[in-house]
Amino acid sequence: MDTKGIEDMLSVLRTTAAQAAGKTADAAASPAGGPDFAQVLKQSIDKVNATQVEAHGMAEKLAAGDTSQNLHEVMIALQTASISFQEMVQVRNKLVTAYQEVMNMQV
């Protein structure tokens, strides 16, 4: 599993929380020249979407009688798509929780 995108998102959240607490961005130890948060999030969502589209395409071919599709490969692809979607939902939940915590900070 690629955790670089998640680490980048957490870094951005830490920087935002530090700025809201009155600290400088340097104190939050954000990586210099790091990727844009929105870009990382969009790439992650696009990757999950591509996994789901591929898995559903494989399942449709198998259902249509395409003999080049193996049942076990289709099932593995569908499970991979399902797990990656569940992971994305959990990351979203953590981001919402972090956002709510930042918004509830006293200024």
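How far apart should the ends of α3 be, given its 33 residues at 1.5 Å a residue? The answer is 48 Å, and the end C-alpha atoms of α3 are 48 Å apart, which agrees. (The expected span is 1.5 Å times one less than the number of residues in the helix.) Please keep in mind that this is a predicted model, where local features need pLDDT of at least 70 and side-chain atom pairs count only at pLDDT 80 or more, while totals for chains, interfaces and linings use all residues. Residues are numbered from 1 along each chain as its sequence is written, and side-chain values use heavy atoms, leaving out hydrogens and water.

**The chain as a whole**

- The protein chain has 3 helices and 0 strands, and along the sequence it reads α-α-α. (Helices, H or I of at least four residues, and strands, E of at least two, are DSSP runs numbered from the N terminus.)
- Of its 107 residues, 18% count as buried. (Buried means under 20% relative accessible area, exposed over 50%, and partly exposed in between, with a 1.4 Å probe and protein chains only.)
- Among contacts between residues at least 6 apart in sequence, 60% join residues at least 24 apart. (Contact means heavy atoms within 4.5 Å.)

- Helix α2 has 27 residues and reaches 39 Å from its first C-alpha to its last, close to the 39 Å expected at 1.5 Å a residue.
- The buried residues in α2 are Val40, Val48, Ala55 and Met58.
- In α3, the buried residues are Val74, Ala77, Ala81, Ser84, Val91, Leu95 and Val102.

**How α2 and α3 pack**

- The axes of α2 and α3 are 9 Å apart, and the two helices pack at an angle of about 155°. (Axes are lines fitted to C-alpha atoms, for helices over the stretch in contact, and angles run from 0 to 180 degrees between N-to-C directions.)
- The two helices are therefore roughly antiparallel to each other. (That label applies to angles over 145 degrees; under 35 is roughly parallel, 65 to 115 roughly perpendicular, and the rest oblique.)
- Residues of α2 that meet α3 include Phe37, Ile45, Val48, Thr51, Ala55 and Met58, and on the α3 side they include Val74, Ala77, Ala81, Ser84 and Leu95.
- By class, this contact has 16 nonpolar, 5 polar and 1 charged residues. (Ala, Val, Leu, Ile, Met, Phe, Trp, Tyr, Cys and Pro count as nonpolar, Asp, Glu, Lys and Arg as charged, and the others, Gly among them, as polar.)

- Ser84 sits in helix α3 and is buried, with a relative accessible area of 14%.
- Leaving out residues up to four places away in sequence, Ser84 touches Val48 and Thr51.
- Asn49 belongs to helix α2 and is partly exposed, at 42% relative accessible area.
- Asn49 and Ser84 are 35 residues apart along the chain, with 9.2 Å between their C-alpha atoms.

**After α2**

- Gly65 follows α2 and has a positive phi, near 95°.
- Gln69 is in the loop between α2 (37-63) and α3 (71-103), and counts as buried at 15% relative accessibility.
- Setting aside neighbours within four places in sequence, Gln69 contacts Met58, Lys61, Leu62 and Val74.

**A look at α1**

- Val12 is part of helix α1 (residues 4-20) and is partly exposed, with a relative accessible area of 27%.
- Val12 and Phe37 are 25 residues apart in sequence, and their C-alpha atoms are 6.7 Å apart in space.
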